[in-house]
Amino acid sequence: VIVVDSGPGVRRDLVAEADALRAGGDAVGALGLYTAAAAEYENPPAALCVKLARIYHRLGSLADAHQWVMRVVDGGDDFVSWQAAAAVLGACADESWSAARHARVAVLGSYTTTQFVPLLQLAARRVGVALDTYECAYGQYRQEILDPASSLYRFGPDFIVLMVHERELDLPAISETPDQEIERELARWTTLWDVAAQHSTARVVQCLFAPPSVEPLGHLAARLTGSRQHMLHALNLRLGDAAGNRVSVVDCARLASRVGLEHWFDARYWHLAKHAVAPAMQPLLARHTAAVLAAELGLTRKCLVLDLDNTLWGGVVGEDGAGGVQIGGTAVGEAFADFQQTLLDYKRKGLLLAICSKNNLADAREPFETRPDMRLSLGDFACFVADWRPKAEQVNDVAHQLDLGLDSLVFVDDNPAERELIRQSLPEVEVLTLPDEPAQFSVALAEHPLLETRALTAEDAQRAGQYAARARILASREAATSLDAFHRSLEMEAVVAPFTDADLPRIAQLISKSNQFNLTTRRHSVQRLEEFRQDPHCVHFSLRLRDRFTDHGLVSVLIALQRGTALDIDTWLMSCRVIGRTVEAAMFGELCHAAERRGCDRIDGTYIRSSKNGMVADLFERFGFERARGGDEAVVRWEYDLSDHGSIASPFIQTGSAVDMNDGRS
Amino acid sequence: MDVHSRLESVFRDVFDDDGLQIHAAMSAPDIEAWDSLAHINLMMRIEDTFGVHFTNAELGGFANVGELERFLAERSTAGA
């Protein structure tokens, strides 16, 4: 987490005073104090940037609001502040805040991504990309990719980001045949890439897999090629190989190891909300994902414009002499040598290096010619400017000499005053906030979001396009790739049962929380549920689902009331964890059976529109219901004639009943 | 600042509402924007502000603001 404060510490008093003014309605007064507080920092903390963004937004100064929304990203990986900033960004979606690029990005998750998506929009804005985003329903990534008619493809994505995590992998704790396990998993993912390429022109971005922090095999895992840990590492390597130039990756394994696996995965948020990446780490993941997108969109900066004194070596050559500057040898000198080595690696991956120094030219060159510990040599620089002009002029000169736009440059200078000057006079130039500690220079550089590289050579980059084209004309590998085959491969089994005492708490929880797949959103109390159970005219049942990988537990609930020879669906909902598994067909099949057993010939349904249940607006229609008279767009009534249509079932789910169903008692 | 005022300012910040006043009986249904997503923001901000670490059960488990305040009064170690 790179936050560099050049200011003398946190000015809580000023901020608290401003908060009080704002609460009292004095927005302008508060703005003055927040601005004064922010002036203490080179990169003000994210929380303070959000306060400024919000207040400018409230005052209608949208350009200023935008500027402060952007600065949140540089103000530290603070999840809550990022969420707030993303909300301001969302509220200004109609504003013509300029962006270098626009991109349509589909985020397909194996875990909860609802809070990640706004963070990605924010991080992308910071690198000049305005995103239109699409998010699949929870865990639906395979279905969306495999189904050519899915809303994913209707969205028309430029990028498909596979936000997937290690629990999704079908790798056992120990395997006798690890190579086969790895091949199978590899094929599963590369098949998804291929199918996505057949049905769209989108570039796939695959997240690699961070290992779990707990390893029951302990250190033995490292010695067993059949251990899950071993297979997981191997799979990451194989995925990277397979990705080559046709698929981008976000190396979550490296990000996770950098911050520590115990920070990357917070079991509490997994259990609470199925976050496979701890919320606190999601800004980091968003920054890196945005960096990968920016590279694909050609936004990577081309040239590092470097200062010399106290940036590439310790000391000032004009005062200390070429022999006196610190490079190699001492601890400080080693830190600078190390930074030079890093710069050399950036040059090797294709970045240009330029010098921009306030020195006499001969003085500036001398250490490179005389000091053996210097890692960089004069030949490494595409351009060498050393004179006494202001830095802004020098930077312009560099751009001119290299025939680059200012928006191709990153300015690297240890002097905060020079950095501020460049920020103000040449806003197109990215300014790296160098920490005070030279040993951390390389880290700051690595975190810059516009230095990600797409491919090592132009041919590599071009080949990426060819891969996509070839993949699109590949004949569909029908057996392995269809949605039907996927559903069959899950070997799903369901158990249907009327409400029991033991299930009632879970049923009540689903009824109080389910939003998306919920036809009527009626929040029945536990007491009301008890009444349903006592009512002989009521059909009530729940469904438990398990598949080859997981026991999903109790995931769907249905309540219907018999009126004459019709069953009227009062409540029908499903956990979003199992959307897209045809559970709804299994549920409806059970209801049809219950209706038949009761001698009913009709099923009535109601769709009550809420802000969140759009995904089931056409559910009844999909099952063959006809729209009934009455109602309106907010409350739509539907009828299903059993004698015409017969009953329906999921062909993919084996359904059994745990107990006798509660029907025929009227 | 006492726990109540500090907690109230966290609520105001998270829900971006300067007029928000919290009281002991208040719970999620009382604030329109307090959904499961906002709940995570709220709990994370409370952890930061009060220097506490919620257990798995506590993250989802407080019945109302009063219960949360009592918990914070007992456990809070961070200075105002």
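Good morning. I begin with a cluster of aromatic residues in chain A, where ring pairs link A:Phe517, A:Trp572, A:Phe588, A:Phe620, A:Phe623, A:Phe625, A:Trp638 and A:Tyr640. Please keep in mind that this is a predicted model.

Over all chains, the count of aromatic pairs comes to 26. One of them joins A:Phe265 and A:Trp270 in a tilted arrangement, with 6.4 Å from centre to centre and 45 degrees between the planes. Of these two residues, A:Phe265 counts as partly exposed, at 22% relative accessibility, while A:Trp270 counts as buried, at 9%.

Rings also take part in arrangements with charged residues. The charged end of A:Arg528 sits over the ring of A:Phe532, 4.0 Å from the ring's centre. Elsewhere in the chain, A:Arg365 lies over the face of A:Phe384, at 6.0 Å from the ring centre.

I turn now to helix α24 of chain A, which covers residues 504-513. Which residues of this helix are buried? They are A:Leu504, A:Ile507, A:Ala508, A:Leu510 and A:Ile511. Viewed down the axis of α24(A), these buried residues fall within an arc of 160 degrees, and therefore they line one face of the helix. As background, an α-helix has 3.6 residues a turn, so residues three or four places apart point the same way.

The face of α24(A) turned away from the buried side carries A:Pro505 and A:Lys513, both of which are exposed. What covers the buried residues? Among the elements of chain A that do so are α25 (526-534) and the strands β12 (538-546), β13 (551-563) and β14 (566-574).

Thank you for your attention.

Notes. Residues numbered from 1 in each chain as written. Chains lettered and ligands numbered in written order. Predicted model: local features only at pLDDT ≥ 70, side-chain atom pairs only at ≥ 80, totals over all residues. Heavy atoms only, no water. Phe/Tyr/Trp six-rings, centres within 6.5 Å; stacked < 30°, edge-to-face > 60°. Buried < 20%, exposed > 50% of the residue type's maximum accessible area, 1.4 Å probe, protein only. Lys NZ or Arg CZ within 6 Å of the ring centre and 35° of its normal. Helix = DSSP H or I, 4+ residues; strand = E, 2+ residues; numbered from the N terminus. Arc of directions from axis to C-beta. Contact = heavy atoms within 4.5 Å.
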